[in-house]
Amino acid sequence: MSNRVGLRQLRAFHAVMMGGSLTAASERLNLSQPTISKQLTALENALQIKLFDRRSGTPVSPTPNGVEFFKAIEATISGLDNLGAIARDIAGHGRRRIRIAATPPVLNSLPFTSGLSRFTLKNPDIQIALEARSRVEIEDWAARQEIDLAFALLPSSNSALLAEPLLDTRAVAVMHRDHPLAGKPMISPADLAGQRLILPSRQLLRSRIDTILEREGHQIAADIESSSANTCCRLALAGAGVAICDPFSPTAYPTEDLVVRNWEPAVRLTYGVIRHKGSEQEPTTQSLLAIMRDSLGNFALPLSG
């Protein structure tokens, strides 16, 4: 880098990414748009990478490098914005803050939210900061110690991290209760002839599903794909077809209209907690893990076998 990167430059970049425009960043930071633009130019010069495409008469749009840089600094800048509140809590009554990340299916699930609710009721002085992150991002954040605990699909291959299994389960088939296959206790590829199939895309679960199907000699094609397993469930609930997904996502829709069935061939899944090897296991963190272990362990869906 040719120059030092300044905090004001990083805040300007962060504000543009969060707001989506120079106008939004200007309002957020109470600075003029030319000032924001100068800060962005200075940041690009210091980093020696192009962060935005800025053509005359068109809105600014981040480059692929800009998106990657934003992912890397987002937690740091957001944390700086919280420094005042954190300092006030420490000075006032020593309030503890636990930073938790989870993949969206886990974060939005009934067992996770129920467990977290139990913990907060028992520990009203603990502040919780939640982050919904992709599986890849979670390992990066945990390795940089920008989160205290992460809940996600295992295993973890990062040598800087510890991974503790909390739940062994399997992928499920999800559909509307009026679907022709809803009465079957188990769904297999043979059942899908003439049915529309919804599959998650670009995630570890999809890789696991494809690997098992190929190993068992099955060939099926998705009619609808989504990078969000929650969206797959929403589509199944709307009658768009049968979704194959993780067992957590359906619990975000507590309705009898959405039925969950075992999927064969079984796609075994282990979920657990990921944390940095150097992190301290304080009593409050241990209490949280104990409650989550209990909540996930009592996960009541037809997942055995």
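Ala, Val, Leu, Ile, Met, Phe, Trp, Tyr, Cys and Pro count as nonpolar, Asp, Glu, Lys and Arg as charged, and the others, Gly among them, as polar. By these classes, the lining of the largest cavity has eight nonpolar residues, one polar residue and no charged residues. The model is predicted.

**The cavity**
- The count comes to one cavity of 30 Å³ or more.
- The largest cavity holds about 40 Å³ of space.
- Its lining consists of Val106, Phe112, Phe151, Ala152, Leu166, Phe248, Tyr271, Gly272 and Leu296.
- Strands β5 (149-153) and β13 (268-276) each give at least two residues to this lining.

**Helix α2**
- Helix α2 spans residues 22-29, and Leu22, Ala25 and Ser26 are buried there.
- These residues lie on the same side of α2, because they cover an arc of only 100° around the axis.
- An α-helix has 3.6 residues a turn, so residues three or four places apart point the same way.
- The cover over the buried residues of α2 includes α1 (7-19) and α3 (33-47).

**The cysteines**
- A disulfide is a covalent bond between the sulfur atoms of two cysteines.
- The whole structure has zero disulfides.
- Cysteine 233 is in no disulfide: its nearest cysteine sulfur, that of cysteine 245, is 3.6 Å away, and a disulfide needs the sulfur atoms within 2.5 Å.
- Cysteine 233 is buried, with a relative accessible area of 0%.
- Cysteine 245 is buried too, with a relative accessible area of 0%.

Technical notes
Residues are numbered from 1 along each chain as its sequence is written. This is a predicted model: local features need pLDDT of at least 70, side-chain atom pairs count only at pLDDT 80 or more; totals for chains, interfaces and linings use all residues. Side-chain values use heavy atoms; hydrogens and water are left out. Buried means under 20% relative accessible area, exposed over 50%, partly exposed in between (1.4 Å probe, protein chains only). Helices (H or I, at least four residues) and strands (E, at least two) are DSSP runs, numbered from the N terminus. The arc is that of the directions from the helix axis to the C-beta atoms. Contact means heavy atoms within 4.5 Å. On a 1 Å grid over the protein atoms alone, a cavity is a set of points where a 1.4 Å probe fits but cannot get out, and a pocket is an open set with protein on both sides within 12 Å along at least five of seven lines; lining residues have an atom within 4 Å of a point. Grid points are joined across faces, edges and corners, and a volume is the space filled by probe spheres set on the points.
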